[in-house]
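Some labels in a structural description rest on cut-offs. The questions below ask what stands behind them.

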Amino acid sequence: MVKNDLQVSESAIRALSLCIRKAYLLIFSPGLSSPNAYEYMQVTLSSVTRQNYFHSILNQSVVESFSTLAISKGVDILTSVNLSVDFLSVRNTTLIKVPNKLPLDVLRYEPIIFSSKNKIQQEDKIELSFIGYTLSKFLNYLPATGHVVLVDGRNITVKLSENIKKCLPSINLLQGWLTQKSNLPPVVLNKHCPYCEFQNICKV
Ligand code: SF4
């Protein structure tokens, strides 16, 4: 059965790299989530990274909320990007304009995410790949790179095409859950369990 109201988000694809059951719960039962202090701390640190980044570019870049007008104006940074296509969705994402190397270069945007850590994680590459892939369906081009801003302010560039190829089986798996019959995967204890927002459901 097709479940039109459900979608695969960047948080689900990120979760899949930690635990398949968590990814399933995030898509089908997000209301059962019970974030703990660790999860809140991660969200807070990411938010601080984001604030510091925007403060650092305050006088150099034009920042606007995502809209077709903002894209056509070629603003430097687009915030609040919310898109849904083919059961995939990105929420409150940020895009950054690719600097033109030549005067007639076509205007392009790439995803940028804000980390709670001072070292890039595999989940960051997966999230950027997912956003890049979803964007490509809307913008009709595949962003060449994406960016992770670390908590210490460093901006790490990630090449997307290889990472998207690696990420596609995961995207297809989650899309498949929405278009075919699927069941909640069993509890398999793993190193993420102590930090997970679904501990209460799994009784770990
Ligand atoms: S508590 Fe453990 S098994 Fe349950 S969803 Fe979270 S990571 Fe997966």
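Predicted model: local features only at pLDDT ≥ 70, side-chain atom pairs only at ≥ 80, totals over all residues.

Residues are numbered from 1 along each chain as its sequence is written.

Q: Why is Phe-87 called partly exposed?
A: A residue is buried if 20 or more other C-beta atoms (placed from the backbone) lie within 10 Å of its own, exposed if 12 or fewer, and partly exposed in between. Phe-87 has 19 other C-beta atoms within 10 Å, so it is partly exposed.

Q: What makes Asn-140 count as exposed?
A: Asn-140 has 7 C-beta neighbours inside 10 Å and therefore counts as exposed.

Q: What is said of phi at Asn-140?
A: Asn-140 is not a glycine, yet its phi is positive, about 65 degrees. Most residues other than glycine have a negative phi.

Q: Which residues does Leu-174 touch?
A: Contact requires C-beta atoms, placed from the backbone, within 7 Å. Not counting residues up to four places away in sequence, Leu-174 touches Val-8, Ala-12, Ile-13, Leu-16, Ala-23 and Ile-27.

Q: How do the residues of the shell around the ligand divide?
A: Ala, Val, Leu, Ile, Met, Phe, Trp, Tyr, Cys and Pro count as nonpolar, Asp, Glu, Lys and Arg as charged, and the others, Gly among them, as polar. The shell divides into 9 nonpolar, 3 polar and 2 charged residues.

How values were computed: Contact = placed C-beta atoms within 7 Å.
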